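Q: Hi! Could you walk me through this structure, starting with the ligand?
A: Happy to, let's have a look together.
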Amino acid sequence: MNSAMFFEREDWKLFRNMDTLPKSKLSMLVCKELADNALDTCGGCEIGYEGGFFYVKDRGPGLDPEMFSISRPLRSSKYLRLPTRGALGNGLRVVVGAVVASGGELYVSTRGKNYKINFQNNGLALPESLSDYHEAGTKISFTLGEMPIILAWAHMAIEYARGETYRGKTSPYWYTSENFFELFQSFSGSVRELIAQFDGCTGGKAGKIAQKYLKTPADNLSFEETEAFLAELRALVKNVNPERLGRIGELGGWSGYCKSTGTFKVRTIKGEHEAELPFVLEVYADIADAPHITVLLNKSPATGEINVYHSKNELSIFGCGLFHRITPISAGT
Ligand SMILES: Nc1ncnc2c1ncn2[C@@H]1O[C@H](COP(=O)(O)OP(=O)(O)OP(=O)(O)O)[C@@H](O)[C@H]1O
Ligand SMILES: [Mg+2]
């Protein structure tokens, strides 16, 4: 009998292959990911075209060009849960994947230098320093080969980057037992450093709680230990009131606006603690001939397919885990 032949492929390689990237919306997605990052880092963002390249520019703290290595592990400053646009550490990998797969080019200007990013077959980015960059923040310029660049989602993210922003810290109520353990596993600092990032846990309080593990690396803790920690942190503080989360607020050009707030729960499979996530829901509405819906999450467009369907007196919204039927108050009258 012939023995089977095995082939192996690291999963990051799927990101640089046109067959496995979402083609139809790819260029919109790439522009949105870059605009989201810029808005998350400093609240503002400039986009445009220059010399055949599309660029996204911000005035944030700058970015390590090594972050454009597509074979790096997921890396993010946003694993501490906050109402930011990004959360996974995947956006830049999608950008690089699209540039490589389409035969495009990518340049980054940050922290005093202009770099051309050369992509190697092993998925590492080789930043080639070209000249000095005299501005603050980061500018990312790219082409996607022959593919047209569509800015619709990036424009929308910029358009809605307004209103109030949450200024507080992450809350221990925003993690399930499992999320909290994974957060510790992904952090390379000490338990104390990590605990100090939480709402109500700065200085002395954090020190007291973390006393047992003062210099212990966060990723050394067992599930049972992080579970006990989570209970101690929750006992110190209340959950954040959804009114503090920020909002876009009323906008001109819409005939209807309403806002509601609440908290929803996310169950855990392992451990005892559910996550309790406060939310603000804002709805803008206008009278139109045909129903249409756009959904934003943390002020940036949701990329999944969400549809709205009208029949008789009912409006159904479905897709991305949503299924809602809305019946107008005046139905049947
Ligand atoms: N323009 C920027 N300025 C400063 N830091 C940035 C910028 N863009 C990205 N970063 C840093 O790089 C990290 C990775 O970015 P990436 O877009 O890959 O993931 P993310 O934004 O954390 O999550 P998501 O996958 O949901 O986009 C970010 O968490 C942030 O710390
Ligand atoms: Mg991002």
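Q: Which residues come nearest to ligand 1?
A: Keep in mind that this is a predicted model. Of the 21 residues around ligand 1, the nearest are Asn37, Ser76, Ser77, Gly86 and Gly91.
Q: And which elements give two or more residues to that shell?
A: Those are α1, spanning 26–42, and α2, spanning 91–102. The most comes from α1, which gives 4 residues.
Q: How does the shell around ligand 1 divide into nonpolar, polar and charged?
A: There are 7 nonpolar, 10 polar and 4 charged residues in the shell.
Q: Back to the helices: at what angle do the axes of α1 and α2 cross?
A: They cross at roughly 140°, and the axes come within 9 Å. An angle over 145 would count as roughly antiparallel, so α1 is oblique to α2.
Q: Is that crossing left-handed or right-handed?
A: Left-handed, as α1 passes α2. On the α1 side the contact is made by Leu26, Leu29, Val30, Glu33, Leu34, Asp36 and Asn37, and on the α2 side by Gly91, Val94, Val95 and Ala98. By class, that contact has 7 nonpolar, 2 polar and 2 charged residues.
Q: Nice. Changing topic, what domains is the protein chain divided into?
A: Domain 1 covers 11–161, and domain 2 covers 168–250 + 260–280. Their centres, taken over C-alpha atoms, are separated by 30 Å.
Q: How many residues does the contact take from each domain?
A: It takes 6 residues from domain 1 and 9 residues from domain 2. The side of domain 1 that touches domain 2 has 5 nonpolar, no polar and 1 charged residues.

Conventions. Residues are numbered from 1 along each chain as its sequence is written. Chains are lettered from A and ligands numbered from 1 in the order in which they are written. This is a predicted model: local features need pLDDT of at least 70, side-chain atom pairs count only at pLDDT 80 or more; totals for chains, interfaces and linings use all residues. A residue is near a molecule or strand if its C-beta atom, placed from the backbone, lies within 6 Å of it. Ala, Val, Leu, Ile, Met, Phe, Trp, Tyr, Cys and Pro count as nonpolar, Asp, Glu, Lys and Arg as charged, and the others, Gly among them, as polar. Axes are lines fitted to C-alpha atoms, for helices over the stretch in contact, and angles run from 0 to 180 degrees between N-to-C directions. Angles under 35 degrees count as roughly parallel, over 145 as roughly antiparallel, 65 to 115 as roughly perpendicular and the rest as oblique. A crossing is left-handed if the near helix is turned anticlockwise from the far one by less than a right angle, and right-handed if clockwise. Two residues are in contact if their C-beta atoms, placed from the backbone, lie within 7 Å. Domain bounds come from an automatic or database domain assignment.
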